[in-house]
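Welcome, and take a moment to look the model over before reading on. The paragraphs below walk from the inside of the structure out to its surface.

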Amino acid sequence: MRDFFPGLAGIPAAKSSVSFVDGAEGVLEYRGIRIEDLAKHSSFLETAFLLLFNRLPTKRELDDFTRDISHHRRIKYRIIDLLKSLPEQGHPMDALQAAVAALGMFYPAHEVLDEAIRYLTAVRLIAKLPTIVAAFARLRRGDNAIRPRDDLSYAENFLYMLTEQIPDPAMAKIFDVCLILHAEHTMNASTFSGMVTASTLADPYTAVSSAIGTLKGPLHGGANEAVIHMLEEIQTLERIPEYLNQKLTNKEKIMGFGHRIYKVKDPRAIVMQAFAKQLAADTTTQSFYTLASAVEKHMDARVGPKGIRPNVDFYSGILYHQMGIDTDLFTPMFAIARVAGWLAHCFEQYHDNHLFRPDQIYEGQRNRPYQSLANRETSSS
Ligand code: CMC
């Protein structure tokens with residue numbers, strides 16, 4: 001009998017130097033640097049550079065990278081036309097996936113080992129994802145897409161393109177930290193999906209569009225959106241015990257809790273919770289934060305000892321809700337950040353490629369006779 005590992009749990013799929021996670025201690029490092037330090041001192045673009053090139057940039061390198069990203073933020077009118085042609089009730093993750101696949105038709109990048117093409121591809125993807133997400137968010141409401149502004153930072157510019165207002169600097173800073181915290185997370189499902197695609201030597205646009213499709217599901221990035229739907233369903237503090245009890249008894253998953261690797265509270269959730277708490281003190285979103293922290297307390301008592309704790313999607317969902325962002329944009333905002341990590345892994349894959357082609361354990365029948373159509377009145381065995 002061959003060993004079988006459902007979900008490949010615990011099976012290394014690659015050797016990597018992009019990030020390190022210790023799920024028992026709650027440690028996450030990008031290229032050896034703790035995420036708490038990056039959240040405190042870095043910016044998303046500096047962190048993206050670190051992930052892509054395995055070192056912090058010099059001042060000159062960061063200036064050049066920032067300038068290149070700003071320069072490539074615009075998207076072609078044909079991508080805007082593509083977004084306009086999609087159903088407005090469709091999910092923004094599907095729009096993002098379609099637009100990213102289409103980008104690859106405008107900017108061929110089949111030379112996956114060419115350093116210059118690779119740099120430009122990374123710059124274009126990091127630069128254009130926010131523009132695509134913001135454009136679809138506006139076009140679906142009948143508004144025009146807003147052109148990016150080169151004088152705004154990466155985080156400011158995205159919030160500006162969504163609302164046509166220069167964001168409050170504190171809000172832009174919080175969003176930038178969220179981007180840092182979402183930028184990378186070892187061998188998760190979407191990264192693996194992107195790497196499988198990259199291992200066929202498909203170009204990075206195709207690999208990233210695969211990863212976006214995988215991120216969408218509620219067991220992965222889509223959980224941040226599902227957290228808000230859950231809290232809206234719970235509504236009041238009084239309803240929490242009954243709601244959780246019913247779900248847990250029926251063996252249903254509570255969104256924003258649990259993780260394949262972390263058995264303690266996700267270190268990213270800790271940083272985000274601090275911001276959510278700060279925003280709750282300043283704004284009218286106090287009741288929502290209070291509801292969320294009460295859910296955490298109840299979950300802690302019920303399933304905490306089993307290692308089921310809040311993950312990144314619990315508090316990112318709360319934060320983005322507090323920032324007044326449409327719920328179905330939360331997962332695309334996750335993708336805007338995670339593209340840096342996806343690319344870093346795909347570049348490792350291209351460099352030392354081996355086609356992903358796992359095996360299976362066949363459990364079906366063999367050597368069945370072919371029955372002609374006339375003889376198939378009852379279902380054949
Ligand atoms: N709520 C209730 N029970 C849970 C949860 C949860 N959120 N997560 C795990 N469990 C229980 C599960 O029922 C099972 O119990 P038992 O051993 O009694 O059958 C046990 O824990 C193991 O669960 P599993 O699903 O086999 O474990 P996994 O390693 O496959 O789970 C997970 C990882 C993320 C799929 C799961 O925790 C989950 O579905 N969580 C909710 C969705 C979510 O928040 N996803 C975001 C993940 S983190 C960031 C990201 O990837 O985007």
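A residue is called buried when its relative accessible area is under 20%, exposed when over 50%, and partly exposed in between, using a 1.4 Å probe and protein chains only. Helices (H or I, at least four residues) and strands (E, at least two) are DSSP runs, numbered from the N terminus. Please keep in mind that this is a predicted model: local features need pLDDT of at least 70, side-chain atom pairs count only at pLDDT 80 or more, and totals for chains, interfaces and linings use all residues. Residues are numbered from 1 along each chain as its sequence is written, and side-chain values use heavy atoms, with hydrogens and water left out.

Let us begin with helix 7, residues 154-163. Eight of its ten residues are buried, so helix 7 is largely enclosed by the rest of the structure. Those buried residues are Tyr154, Ala155, Asn157, Phe158, Leu159, Tyr160, Met161 and Leu162. Their cover includes helix 2, helix 3, helix 6 (115-139), helix 8 (169-182) and helix 16. After helix 7 comes Glu164, with a positive phi near 65°.

Which of its 121 residues touch the most other members? They are Phe44, Leu83, Ile126 and Leu231. Helix 16 (residues 330-351) gives this core its largest share, 14 residues. At least three core residues come from each of domain 1 (41-218 + 329-351) and domain 2 (223-322), with bounds taken from an automatic or database domain assignment. Beyond its neighbours within four places in sequence, Leu231 is in contact (heavy atoms within 4.5 Å) with Phe288, Leu291, Ala292, Val295 and Ile318.

Now for the loops. Most residues other than glycine have a negative phi. Asn54 is not a glycine, yet its phi is positive, about 65°. You will find Asn54 in the loop between helix 2 (44-53) and helix 3 (59-71), where it is partly exposed at 44% relative accessible area. Gln235, also not a glycine, has a positive phi of about 65°. Gln235 sits in the loop between helix 11 (223-234) and helix 12 (240-249) and counts as exposed, at 59% relative accessibility.

Finally, look at the segment before strand 1 (19-22), which holds Phe5. This residue, Phe5, is partly exposed at 40% relative accessibility.

Note on methods
Core = buried A, V, L, I, M, F, W, Y, C linked by side-chain atoms within 4.5 Å.
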